[in-house]
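The sequence and the structure come first.

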Amino acid sequence: MNGNQNKVDLDEFLSIQAGLLRLIPKARRRFLAEKIDWNKRLLGIVGARGTGKTTILLQYLASQDIRRQRHLYVSADHVRVQANGVYELASYFFRLGGENIVIDEIHKYANWPQELKNLYDAFPGARIFFSGSSTLALQKGKADLSRRAVFHNLPGLSFREYIYLAHGKKFKPFAFEDLLKNHSVLAFEILEKGPILGYFRDYLRYGVYPFFLESIDDYIPKLLNVLEKVLYEDIPTVSGIKTTNVPVLKRILWLVATSDPFKPNIERMSRNLKISKEYVYTYLDLLERAKVLSGFLPSETGYRLVRKPSKIYMENTNLLRAVAGEIGAQGRVGVVRETFVANQLKNAGLNVRIPSRGDFLVEGKFLLEIGGKRKRKNQIQGVENAFIVKDDIEIGLNNVIPLWMFGFLY
């Protein structure tokens with residue numbers, strides 16, 4: 001061992017790990033935990049801040065025999081990790097007989113792709129798990145490690161997951177086409193276990209991020225804190241834009257959050273924000289890659305390569321509420337409904353476009369029109385594979401589907 005490795009002190013990390021494992025919830029887990037093959041040698045969980053990546057990793061450690069001290073959790077932004085280096089710390093641990101290391105918030109360590117690659121090659125018997133909250137910072141690393149690492153993306157909670165974590169009721173997700181064909185039967189099976197609309201209202205307000213488990217009263221302040229970190233830390237670090245330009249990003253968020261929905265006019269935005277059109281495109285792209293905004297292209301074939309999205313939504317209804325405010329979000333129930341459907345479809349991995357008629361075109365084939373319980377079929381009359389998605393109803397019939405059911409796609 002070299003001199004640096006002899007100086008690595010693992011006692012503090014083991015103590016931090018023990019404290020975290022005592023507090024971590026053991027019973028209820030996010031859907032991704034069941035899909036991960038923990039035998040992979042290099043595995044990364046990536047996604048937006050606050051979605052529960054750290055909890056999944058700690059729950060895995062909690063399921064192991066920690067007394068053998070073959071497992072180690074560290075956070076990449078810890079001062080001693082920064083001082084010693086990820087490679088030095090992990091290689092020392094592996095040479096002592098360590099088997100699994102979890103490195104949280106890996107994007108906060110500058111040379112992480114190269115050092116993880118070196119660890120993977122140098123210790124073929126070890127397993128390395130890592131997480132990253134900044135999707136922007138992780139994109140280059142994903143490319144560098146593509147041959148070695150397995151990456152899993154963790155989105156915000158679906159409505160189905162919220163019901164499980166908040167109320168202990170477990171349901172299986174269903175495929176999109178199964179929803180379209182069998183929604184009445186599926187809804188009946190779910191409703192047998194109790195009313196659903198009250199849960200749905202709660203989810204729209206504070207159910208996308210799992211920190212509602214700690215406190216509902218503190219939910220919006222915590223979410224705003226997450227948003228501040230994205231704007232002032234993640235985006236400037238990756239893009240090189242100055243923090244003095246962050247107010248422009250905030251103005252863009254405000255424009256999107258207070259529109260019904262936001263249909264971007266790049267030239268007008270450029271004038272109002274006093275930045276070039278190229279910067280408008282850049283900022284919109286950065287906000288979408290940071291999982292704050294979600295843009296959707298038009299469905300017309302001639303526009304497939306168009307740069308400007310047809311509509312832009314906040315990433316989810318909780319962010320919409322956080323930015324627009326409680327009164328603003330409640331007063332614009334239409335955009336709340338559309339934001340919910342767009343988010344759930346996108347997180348389920350479905351292709352979503354904006355058609356000239358209706359609200360969403362899914363997989364290039366299925367047309368959705370979103371509305372309240374009094375929504376009529378006029379806008380989709382005579383259109384094949386068209387569906388009305390209604391809020392405030394528990395069960396639908398034929399091509400009328402309850403809005404809440406789109407929260408069971410993942």
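## Salt bridges

E214 is exposed, with 60% relative accessible area; exposed means over 50%, buried under 20%, and partly exposed in between, for a 1.4 Å probe and protein chains only. This is a predicted model, in which local features need pLDDT of at least 70 and side-chain atom pairs count only at pLDDT 80 or more, while totals for chains, interfaces and linings use all residues. Residues are numbered from 1 along each chain as its sequence is written, and side-chain values use heavy atoms, with hydrogens and water left out. The side chain of E214 forms a salt bridge with that of K222 at 2.3 Å, N to O. The term requires a side-chain nitrogen of Lys or Arg within 4 Å of a carboxyl oxygen of Asp or Glu. K222 is partly exposed at 27%.

The structure holds 21 salt bridges. One of them joins R80 and D9 at 3.8 Å, N to O. R80 belongs to helix α5 (residues 79–84) and D9 to the loop between α1 (3–6) and α2, so the pair ties together parts 71 residues apart in sequence. Helices (H or I, at least four residues) and strands (E, at least two) are DSSP runs, numbered from the N terminus. R80 has a relative accessible area of 34% and D9 one of 35%. In the K375–E369 bridge (2.8 Å, N to O), K375 is partly exposed at 23%, whereas E369 is buried at 3%. R201, R337, D391 and D392 are linked in a network of salt bridges.

## Pockets

The largest pocket has a volume of about 950 Å³. On a 1 Å grid over the protein atoms alone, a pocket is an open set of points where a 1.4 Å probe fits, with protein on both sides within 12 Å along at least five of seven lines; lining residues have an atom within 4 Å of a point. Points are joined across faces, edges and corners, and volume is the space filled by probe spheres set on them. E214 is among the residues nearest the centre of the largest pocket, together with G52, T54, T55 and F211, and the lining has 31 residues. The largest share, five residues, comes from α4.

The second largest pocket has a volume of about 490 Å³. Its lining has 29 residues, and E288, R289, L293, G295 and K346 are the closest to its centre. Here α15 supplies the largest share, six residues.

## Nonpolar cores

Which residues touch the most other members of the largest nonpolar core? They are F159, I235, M314, L345, L368, W404 and F406, in a core of 87 residues. A nonpolar core is a set of buried Ala, Val, Leu, Ile, Met, Phe, Trp, Tyr and Cys residues joined through side-chain atoms within 4.5 Å. Helix α12 gives the most to this core, eight residues. Another core, apart from it, has 30 residues, including V46, F93, W112 and I128.

Helix α6 (residues 86–95) has eight of its 10 residues buried, among them V86 and F93. G97, which follows α6, has a positive phi near 110 degrees.

I103 lies in strand β3 (residues 100–104) and is buried, at 1% relative accessibility. Not counting residues up to four places away in sequence, I103 is in contact (heavy atoms within 4.5 Å) with residues including V86, L116 and I128.
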